[in-house]
Amino acid sequence: MGTHVGGAWTEPGAHVVAPNVWRIPVVLPLDGLKAVNVYAIVDGGGLTLVDGGWALDAARRALVDGLAVIGAELGDINQFLVTHVHRDHYTNAIAVRRELGTKVLLGAGEQRAIERITQAAPGGPRTHLASLARHGAAQVADALAALGSAGDDGRLDFEAPDAWISSGDRFEVGDRVLEAIATPGHTRGHVVFADRDNGLLFAGDHVLPHITPSIGFEIAPPRLALRDYLDSLRLVRAMPDMTLLPAHGPAGGRVHARVDELLAHHDRRLAETAAAIGAGSTAYDVATQIGWTSRRRKFADLDPFNQMLAVFETVWHLELLVLQGKAATTEIDGVVVYTAPADVAAHP
């Protein structure tokens, strides 16, 4: 089997990351994230793929072309091991299964999300828009509605997997053993796959090299999604250090170093969030006072989709501050409002 060695991590093809393991960047229709990495691993006479991409014609072509570079085709895929339920990881695997019957596996923690997505009535309430309004960001919800984007459409691309993955499940893939480890936070059911013998971590969106993963962007996320995410980071940090094989960005970094950076980032963001709470602030109010991305962009300069992610990111930091006793929360006319403890004491 051959390989295509490129420069930028999004360059099409199949890029060797370890013996008999290739990274295939599969295109995404997003302004920020240009591709998702699908990892192809030799599995007997076929392949196991970690993640599948988005169910789009362009994504399918990118996957087919990448497989062709290593002398394979869609029919050679034995199974998809999917790190989480987001459409850019899961739905193309379902599309391939509909055509070829390929086995698709997904973390057991995603069962609730799959049920909610697949059982939703057509034209039903858009959960992300309703949540934005509840956190004071009605104008962001309106902007997304005007664009026809609520973040939770496309339910027909989803189906239940063939099997649910439990933490600790081990998969023999060729001469490798991949251990599934539950890492909730990015979504409830996110899993990573550790090839301990060879020091590789197929990290999905749990640990990314250049960006901070979003937290709890899903239908009915848990209130303490950030706590879950930080606990999952510490879980991975306690494991032996491995080579990072992320879903977005170049492969080859070290897991521990990046986890340390992510933990430090959230410590800073918690302090910044606490400092921005007024006598009665919504998550939207706080989000507009915080810098976003590594360039500290103003909230107003973000597109509506990233404004939505920023508001939700702020919610999870505020909720963790409430748990820590550094903020309090109440609901006024259907809108969630946060106050600093000193303000609560001053205004009983």
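Strands E5 and E6 (residues 103-107) pair in the parallel sense over 4 bridges, where two strands count as paired if DSSP finds at least two bridges between them. Strands (E, at least two residues) and helices (H or I, at least four) are DSSP runs numbered from the N terminus. Within this pair, Leu-81 has Leu-105 in E6 as its bridge partner. Between E5 and E6 the chain passes through helix H2 (residues 87-100), and this β-α-β crossover is right-handed; that is, with the strands pointing away from the viewer, the path from the first strand over the helix to the second runs clockwise. The model is predicted, and local features need pLDDT of at least 70, side-chain atom pairs count only at pLDDT 80 or more, and totals for chains, interfaces and linings use all residues. Residues are numbered from 1 along each chain as its sequence is written, and side-chain values use heavy atoms, with hydrogens and water left out.

On E5 (residues 77-82), 5 of the 6 residues are buried, so the strand is largely enclosed by the rest of the structure; buried means under 20% relative accessible area, exposed over 50% and partly exposed in between, with a 1.4 Å probe and protein chains only. E5 is also joined to strand E4 (residues 46-50) by 4 bridges, and these two strands run parallel. Gln-79 in E5 is the bridge partner of Thr-48, and Ile-77 in E5 stands opposite Leu-47. The chain goes from E4 to E5 through helix H1 (residues 57-69) in a β-α-β crossover that is right-handed.

In E4, 5 of the 5 residues are buried, so this strand is likewise largely enclosed by the rest of the structure. Both of its faces are covered, with Gly-46, Thr-48 and Val-50 buried on one side and Leu-47 and Leu-49 buried on the other. Strand E3 (residues 35-43) pairs with E4 in the antiparallel sense over 5 bridges, and Ala-40 has Leu-49 in E4 as its bridge partner. E3 and E4 form a hairpin with 2 residues between them, and Gly-44 in the turn has a positive phi of about 65°.

These strands belong to an open sheet of 7 strands in the order E1-E2-E3-E4-E5-E6-E7, with mixed pairing. Strand E1 (15-18) and strand E7 (163-165) stand at the edges with a single partner strand each, so one side of each has no neighbour in the sheet. On average, neighbouring strands of the sheet are turned by 30° against each other, direction ignored. H1 packs on the sheet and touches strand E2 (21-27), E3, E4 and E5, and its direction makes about 155° with that of E2. Contact here means heavy atoms within 4.5 Å. Axes are lines fitted to C-alpha atoms, for helices over the stretch in contact, and angles run from 0 to 180 degrees between N-to-C directions.

Asn-92 lies in helix H2 and is buried, with a relative accessible area of 3%. Leaving aside neighbours within four places in sequence, Asn-92 is in contact with Gly-52, Gly-53, Trp-54, Ala-55, Arg-60 and Leu-63.

His-266, Arg-269, Leu-270, Thr-273 and Ala-274 of H7 make the contact with Glu-313, His-317, Leu-318, Leu-320 and Leu-321 of H9.

Leu-226 lies in helix H6 (residues 225-237) and is buried, with a relative accessible area of 0%. Not counting residues up to four places away in sequence, Leu-226 touches Ile-215, His-266, Leu-270, Trp-316, His-317 and Leu-320.
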